[in-house]
Amino acid sequence: MEYLTMNTGAKIPLVGFGVFRVPDKEECKESVLTAIRCGYRLIDTATAYDNEDAVGEAVREAIEEGLCTREELFITSKLWVGDAKNEKTAIEGAERSLQKLGLDYLDLYLLHQSYNDVFAAWRGLTTLYNDGRIRALGISNFYPFMVANFCETVDVQPAVNQIELHPYFVQNDAVKNMKYYNVVPEAWAPLGGGRYNPFEDEMLKAIASSHGKTVGQVILRWNVQRGVVVLPKSVHEQRIKENIDLFDFKLSEEEMNKISSLDMGYGDTRTKHFDPEFVKLCMGSPNNYGK
Ligand SMILES: NC(=O)c1ccc[n+]([C@@H]2O[C@H](COP(=O)([O-])OP(=O)(O)OC[C@H]3O[C@@H](n4cnc5c(N)ncnc54)[C@H](OP(=O)(O)O)[C@@H]3O)[C@@H](O)[C@H]2O)c1
């Protein structure tokens, strides 16, 4: 595994394991355990995924089995929008995440969306950061102007911004802006999130076969090589293994550019960040998110 260093001084693995849309608790626990066995150390969950408890169980079992220590793991969760109302609700939301996960501390805790009173929520989360229960604070789905506004305003700088990043939504400017502010870019849906069918793309297939790798590995490597942490999700052992095996090959500049040329300039059309209806949905119960 290779790592980046966050602005807190702590290291973050370049490949993590995502568990969005794995609502079945047993399946979630088993896939996290498989991921840890395969060498993943970063696990990415959220209040809204309703599986923090299953992730916590997998973590406890992994430690009991001697697969890793708590210190080697990097556990991320996210504050739900409804809990970003004020300082108190943000503290309560983070404490609920810790309780559900059964952990003393989180390695990273993100504001899941840029909605509600993000500044008040940030001040609330800062109290947990200062007492060590959250080791790094971050944001998610913040567009470049929001990252700039946020970083220019808050005292504790965000360590990470998790946004949609894959070859069909390259967002070079967003990545550049995050690097300017020393915020680590993290990619959600790094494989395209089950859309675009990259696995049948002839150009990607040719690049993959020239390196003796799969299309999935090429797409993930493309992000890793430009300094972006990837969080592929899978519930299949073979894919879980495949998605972390990214460090024995390198894409040429020409290959990087060819892959970037797939850019469509927009992302997941189901996640309508600019749609008032999506904002309203996020203000409500997390149970409606991602359905
Ligand atoms: N912050 C946010 O707002 C946000 C939004 C979305 C996601 N996320 C995070 O990012 C993580 C990843 O995003 P995502 O789950 O939407 O998308 P993704 O990881 O890009 O894609 C997952 C899809 O690809 C399939 N897949 C996985 N590995 C594969 C491989 N090697 N070959 C072919 N297909 C493969 C999976 O199916 P199987 O499971 O059947 O293998 C699943 O359908 C999430 O789990 C979550 O942690 C965050």
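## Asp 50 and its backbone

Asp 50 counts as partly exposed, with 18 C-beta neighbours inside 10 Å. A residue needs 20 or more such neighbours to be buried, and 12 or fewer to be exposed, so Asp 50 falls in between. This is a predicted model. Asp 50 sits in the loop between β4 (42–44) and α2.

The backbone of Asp 50 deserves a look. Most residues other than glycine have a negative phi. Asp 50 is not a glycine, yet its phi is positive, at about 55 degrees.

Asn 182 belongs to the loop between α6 (172–180) and β9 (184–188). It has 13 other C-beta atoms within 10 Å, and so it is partly exposed.

## Asp 117

Asp 117 is placed in the loop between β6 (108–111) and α4 (118–130). With 15 other C-beta atoms within 10 Å, Asp 117 is partly exposed. Leave aside its neighbours within four places in sequence, and Asp 117 is in contact with Ala 84, Lys 85 and Asn 86.

## Helices α2 and α3

Now to the helices. Helix α2 covers residues 52–64, and helix α3 covers residues 87–101. They pack at an angle of about 45 degrees. Their axes are 7 Å apart. Because of that angle, α2 is oblique to α3.

Which residues make the contact? On α2 they are Glu 52, Asp 53, Val 55 and Gly 56. On α3 they are Ser 97, Lys 100 and Leu 101. By class, two residues of this contact are nonpolar, two are polar and three are charged.

## Helices α7 and α8

Helix α7 (residues 202–211) also packs against a partner, α8. The angle is about 90 degrees, and the axes are 8 Å apart. That angle makes α7 roughly perpendicular to α8.

From α7, the contact uses Leu 204, Lys 205, Ile 207 and Ala 208. From α8, it uses Val 215, Gln 217, Val 218 and Ile 219. Six residues of the contact of α7 with α8 are nonpolar, one is polar and one is charged.

## The nonpolar core

The largest nonpolar core holds 85 residues. Which of them touch the most other members? They are Val 32, Val 55, Leu 79, Ala 94, Tyr 109 and Leu 125. Helix α8 (residues 215–225) gives this core its largest share, six residues.

Take Ala 94 from that group. Neighbours within four places in sequence are left out here. Ala 94 is then in contact with Leu 79, Tyr 109, Leu 125, Leu 128 and Ile 134.

Is Pro 158 buried or exposed? It is buried, because 26 other C-beta atoms lie within 10 Å and the cut-off is 20 or more. Pro 158 lies in the loop between α5 and β8 (160–164). Not counting residues up to four places away in sequence, Pro 158 touches Leu 137, Gly 138, Ile 139, Phe 150, Cys 151 and Val 183. The C-alpha atoms of Pro 158 and Ile 63 are separated by 29 Å, and the two residues are 95 residues apart along the chain.

Met 146 is found in helix α5 (residues 144–153). It has 14 other C-beta atoms within 10 Å, so Met 146 is partly exposed. Along the chain, Met 146 and Tyr 105 are 41 residues apart. Their C-alpha atoms are separated by 27 Å.

Terms used: Residues numbered from 1 in each chain as written. Predicted model: local features only at pLDDT ≥ 70, side-chain atom pairs only at ≥ 80, totals over all residues. Axes fitted to C-alpha atoms, helices over the stretch in contact; angles between N-to-C directions. Helix = DSSP H or I, 4+ residues; strand = E, 2+ residues; numbered from the N terminus. Parallel < 35°, antiparallel > 145°, perpendicular 65-115°, else oblique. Contact = placed C-beta atoms within 7 Å. Nonpolar A, V, L, I, M, F, W, Y, C, P; charged D, E, K, R; others polar. Core = buried A, V, L, I, M, F, W, Y, C linked by C-beta atoms within 7 Å.
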